[in-house]
Amino acid sequence: MQETELYDLSDDADYAASQQQQGSASMMRSDSSKRSSSSEPEGAEVVYTKDNVTIHPTQFASERISGRLKLIKQGSSLFMTWFPYKGQSSSARLSEKDMNLYTIRAVPFTEVRSIRRHTPALGWQYIIVVLSSGLAFPPLYFYNGGVREFLATIKQHVFLMRSAEDANVFLVNDLQNPLQRTLSSLELPRAVVAGLPSAPQSLVESPSQEHLKAVGEFHGESSSTFQYGGRQRQKGHDPTRDISIQVLEKFSLVTKFARETSQLFRETHSNGYGSFERKRNSQSAIDYTQKEADPAKKVPNQSFVPSDPLEKKPNIEHNHDEETSALVETFELIDCKEFDKLSLVWGKPRQPPLGSEEWATFLDSEGRVVDAKALRKRIFYGGVEHKLRREVWSFLLGYNTYESTDAEREYQRSVKKKEYEMIKHQWQSISPEQAKRFTKFRERKGLIEKDVVRTDRSLPFYDGDDNPHVNLLHDILLTYSFYNFDLGYCQGMSDLLSPILFVMEDESESFWCFVALMERLGPNFNRDQSGMHSQLFAISKLVELLDLPLHNYFKQNDCLNYFFCFRWILIQFKREFEYEMIMRLWEVLWTHYLSEHLHLYVCVAILKRHRSKIMGEQMDFDTLLKFINELSGHIDLDAILRDAEALCICAGENGAACIPPGTPPSLPVDNGSLYPQPDEVL
């Protein structure tokens with residue numbers, strides 16, 4: 001590996017330029033120290049203060065949070081803090097409590113790995129602070145400049161050098177092979193959480209219980225503070241390069257990233273929820289591989305696996321050949337500190353799919369849905385007969401509103417068809433000469449052409465040469481790349497469109513239903529992967545809440561990045577189930593009946609079903625990734641949905657608090673472009 005070259009910042013142009021401002025900066029620091037002398041603990045010195053340093057939680061300018069950034073010296077230690085201003089005006093989506101989630105409290109630079117500086121051609125400079133754990137705070141935008149002085153001040157108190165691999169990455173106290181350990185190769189712009197190690201008590205403010213509940217953590221004696229970072233869908237000032245994880249065709253690259261960032265999402269303190277008391281010593285995990293295993297083959301190094309803290313207690317023996325409706329299982333979750341004792345049905349039995357006669361009872365004489373919640377509940381527990389999917393999916397995806405009449409929907413179809421043809425004509429009218437000068441168009445068109453010819457070709461609907469449905473996939477995806485030019489086309493989108501076209505069997509309606517779906521799942525394909533990382537983080541916190549022994553196992557084996565769930569999340573389990581099953585799963589998820597984020601509980605349910613094999617065989621990341629991929633086609637959908645339902649109900653508000661605000665597929669607010677152009681300055 002290339003040896004890291006050490007750069008002296010005193011020779012750096014940025015550092016030199018900052019020295020010209022030292023006079024005024026010293027005065028500012030002096031004044032800041034005087035202003036904060038009443039609020040800073042004794043012995044602490046404010047060596048740097050910058051106002052109007054801002055976090056962008058969303059792409060909307062109205063939801064930006066401004067605050068004050070400080071560097072505080074106490075003894076030989078340097079700390080960084082950022083506090084939002086009180087009483088700043090913001091939209092209704094961000095309350096004062098929401099803004100407090102982004103507070104950065106006394107981060108010691110002994111726990112900072114690197115600082116990435118971004119200087120876009122247009123817009124504001126910003127920095128990303130990456131911790132030794134691999135987590136990163138959301139980007140801090142310097143509206144009034146000051147990044148150079150910020151770095152210069154840090155250099156006066158800690159060892160700071162520029163990375164030889166990336167000139168915009170500054171390594172902090174990295175004296176042992178820093179190039180190998182830097183996160184610059186993975187390019188995480190933000191992690192949605194940052195676990196801060198215990199700082200000196202004089203610098204740590206005790207957060208309120210309300211704040212703790214909102215963050216989803218309860219402090220123990222260590223007084224650790226955990227914060228949500230912001231998900232930023234903004235494509236304008238893109239905080240990272242595309243790390244090009246080709247999950248669908250080159251998923252092995254994830255292994256490489258995991259090895260290089262084995263500490264990703266790892267926290268320095270154990271979770272404060274407390275352990276769950278076990279009621280029995282039996283194993284609750286169910287493993288399909290046990291059915292296929294050779295009885296004579298013994299697994300080496302078999303380890304003791306603690307029983308599942310969230311155990312199912314069947315009142316009657318489970319018989320897979322009998323009606324599942326006869327099965328009633330109770331579930332007890334016991335934790336005296338955080339939860340009351342409760343018992344609930346372990347997942348209601350699945351029902352037959354919604355049929356035509358029953359569907360008619362949900363509609364009034366003009367075609368309106370009279371009780372949308374009851375309809376969503378019915379679909380949640382049974383799905384929809386295939387012949388009804390074309391009509392029902394348009395409601396679930398939001399293409400049609402529940403309040404619309406038959407006549408209104410027919411009129412909308414004609415209007416939307418004309419709009420679709422207009423957008424499609426934009427790329428159809430590009431001449432070969434234009435295409436030669438339109439690199440982005442050629443790249444996207446080429447990628448789409450490669451992907452559609454290998455999407456679900458085993459199905460009769462897409463089988464054969466010159467299949468017209470494959471051509472429709474191509475046209476819809478290319479049209480979408482012009483409709484949403486900022487997001488464009490990314491590998492995996494063809495997997496999401498394929499079942500929609502199969503159900504709708506109409507080019508225009510398929511396009512608009514796909515548009516509606518991408519309103520929810522578009523952040524999965526953000527170049528900075530903020531949408532994916534927020535969901536992977538939420539899974540890690542849900543596992544920690546619902547199965548602490550499994551969480552601890554992942555922590556001990558450097559699996560807290562949860563990259564083995566990447567494919568599940570990216571394309572919504574598309575590769576894990578047969579075609580009919582994935583359509584059933586999707587329509588259940590689209591109801592948002594119990595939670596917008598039921599898919600995260602599905603992930604947890606699958607992991608819990610196989611926990612005994614994962615922990616018993618001491619799987620490392622590579623083995624676990626291979627095992628998860630081989631689960632494809634071997635997952636019992638009905639059982640997993642029952643488990644996910646029970647886990648979601650059991651987790652309740654504590655589970656919801658584990659999921660950062662704005663995590664996909666939360667529906668966005670219609671407030672302008674969701675993916676601003678790179679040259680926009682909001």
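I began with the cysteines, taking a disulfide to be a pair of cysteine sulfur atoms within 2.5 Å. With that cut-off, my search of the whole structure returned zero disulfides. I note that this is a predicted model, in which local features need pLDDT of at least 70 and side-chain atom pairs count only at pLDDT 80 or more, while totals for chains, interfaces and linings use all residues. Residues are numbered from 1 along each chain as its sequence is written, and side-chain values use heavy atoms, with hydrogens and water left out.

**Cysteines and Ser 394**

I then looked up burial, where buried means under 20% relative accessible area, exposed over 50%, and partly exposed in between (1.4 Å probe, protein chains only). Cys 513 is buried at a relative accessible area of 0%, and Cys 658 is buried at 1%. I followed Cys 513 to Ser 394, which has contacts (heavy atoms within 4.5 Å) with Tyr 399, Asn 400 and Cys 513, when residues up to four places away in sequence are not counted. Ser 394 is itself buried, with a relative accessible area of 4%, and I found its place in helix α11, residues 386-396; helices (H or I, at least four residues) and strands (E, at least two) are DSSP runs, numbered from the N terminus.

**The sheet**

For strand pairing I required that DSSP find at least two bridges between the two strands. I traced an open sheet of nine strands in the order β4-β3-β2-β1-β7-β6-β5-β9-β8, with antiparallel pairing. β4 (104-108) and β8 (160-162) stand at the edges with a single partner strand each, so one side of each has no neighbour in the sheet. From one strand to the next the twist averages 30°, with axes taken as lines fitted to C-alpha atoms, for helices over the stretch in contact, and angles running from 0 to 180 degrees between N-to-C directions.

β2 pairs in the antiparallel sense with β1 (residues 44-55) over nine bridges, and Val 53 has Gly 67 in β2 as its bridge partner. β2 also pairs in the antiparallel sense with β3 (residues 77-84), over eight bridges, and here Lys 73 stands opposite Leu 78 of β3. The hairpin of β2 and β3 has two residues between the strands, and in it Gly 75 takes a positive phi near 65°.

Helix α4 (residues 147-155) lies across several strands, including β1, β2 and β3, and runs at about 155° to β5. Seven of the nine residues of α4 are buried, so the helix is largely enclosed by the rest of the structure; among them are Glu 149 and Phe 150.

**Aromatic rings**

I counted rings of Phe, Tyr and Trp (its six-membered ring) as pairs if their centres lie within 6.5 Å, with planes under 30 degrees apart called stacked, over 60 edge-to-face and the rest tilted. The whole structure gave 32 aromatic pairs. One of them, Phe 380 with Tyr 593, is tilted, at 5.2 Å centre to centre and 50° between the planes. Phe 380 lies in helix α10 and Tyr 593 in the loop between α21 and α22, so the pair ties together parts 213 residues apart in sequence. Phe 380 is buried at 2% relative accessibility, whereas Tyr 593 is partly exposed at 21%.
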